[in-house]
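This report describes how two parts of one chain meet. Look at the sequence and the structure first, then read on.

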Amino acid sequence: VAMTVGALANLIAWHTATIGSTPGTSVAQFTAISFDVSAQEILETLGTGKRLVVPDTDVRRDPTRFVQWLDEHRIEELYAPNVMVQAVCEAALEQGRTLPHLRHIAQAGEALQLSPATKEFFAGRPERVLHNHYGPAETHVITTYSLPGEVSDWGTTAPIGGPLWNTRVFVLDDALAPVPAGVTGELYLAGTALARGYWDRPGLTAERFVANPYGGPGERMYRTGDLVRWNTAGELEYIGRADN
């Protein structure tokens with residue numbers, strides 16, 4: 001995927017404004033360098049004077065040791081997939097570690113499942129926020145939802161939320177017409193976040209990056225293949241894949 005500098009700059013500017021940019025904040029470098037989230041971790045952290053802390057590979061793979069590492073290094077921000085978020089919450093509860101410095105956990109790459117352990121770990125800690133980030137490699141993060149501070153309001157899953165700055169999302173039927181709230185359709189993405197396409201694969205680029213009938217001349221949108229719907233609160237809910 002050929003991603004533009006403008007797309008990353010937009011993501012980092014949004015991240016800085018919404019999460020905060022206090023110099024010296026300790027951020028865990030958890031994701032592999034081959035995963036697109038690592039660009040958000042590294043560039044936003046170093047670009048705002050925060051401190052990037054990198055665990056050893058064996059620590060990263062062991063939830064028990066990783067929780068100890070988070071505590072010892074006073075990590076304040078963590079970005080990890082759902083399976084690791086759940087594992088961290090379970091290990092912290094088992095060890096009796098509250099991880100008092102950890103203020104933001106952002107999940108991406110998987111559908112967020114709100115397990116009993118996750119709810120217990122966040123209960124009574126309104127200053128700690130769980131964020132659900134959504135975005136394919138073709139856009140990086142493009143929608144986000146921050147769960148409310150009152151855990152009793154949580155369900156078993158979370159919406160993927162609404163679009164970031166300078167981006168647009170469309171829920172369309174097979175004829176590329178918008179579907180009403182509550183009706184499942186395919187998710188299309190547009191705006192600054194779009195990649196140029198697939199490197200040296202013009203056919204696939206033309207198939208997935210299509211003309212945007214709701215944009216200006218030459219504007220494109222990305223066909224995700226993901227099925228979603230708008231809920232009554234105006235947030236997107238992930239349903240599954242169109243090809244399943």
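How much area is buried between domain 1 and domain 2, and what percentage of it do carbon and sulfur atoms give? About 1,400 Å² is buried between domain 1 and domain 2, and carbon and sulfur atoms give 69% of it. Buried area is the accessible area (1.4 Å probe) that two parts lose on being put together, summed over both.

The model is predicted: local features need pLDDT of at least 70, side-chain atom pairs count only at pLDDT 80 or more, and totals for chains, interfaces and linings use all residues. Residues are numbered from 1 along each chain as its sequence is written, and side-chain values use heavy atoms, with hydrogens and water left out.

The domain bounds, which come from an automatic or database domain assignment, are these:

| Domain | Residues |
|---|---|
| domain 1 | 5–163 |
| domain 2 | 167–241 |

The C-alpha centres of domain 1 and domain 2 are 26 Å apart. Y134, E138 and I142 supply 36% of the area that domain 1 buries against domain 2, more than any other three residues. In contact (heavy atoms within 4.5 Å) are 15 residues of domain 1 and 20 residues of domain 2.

Across this interface of domain 1 and domain 2 there are zero salt bridges, a salt bridge being a side-chain nitrogen of Lys or Arg within 4 Å of a carboxyl oxygen of Asp or Glu. Seven residue pairs across the interface of domain 1 and domain 2 are in polar contact, both residues at pLDDT 80 or more. A polar contact is a pair of N or O atoms within 3.5 Å; within protein, one must be able to donate a hydrogen and the other to accept it, and residues adjacent in sequence count only if both atoms are side-chain atoms.

On the side of domain 1 that touches domain 2, the elements giving two or more residues are α1 (5–19), β6 (143–146) and β7 (162–163). Helices (H or I, at least four residues) and strands (E, at least two) are DSSP runs, numbered from the N terminus. The largest share of that side, three residues, comes from α1.
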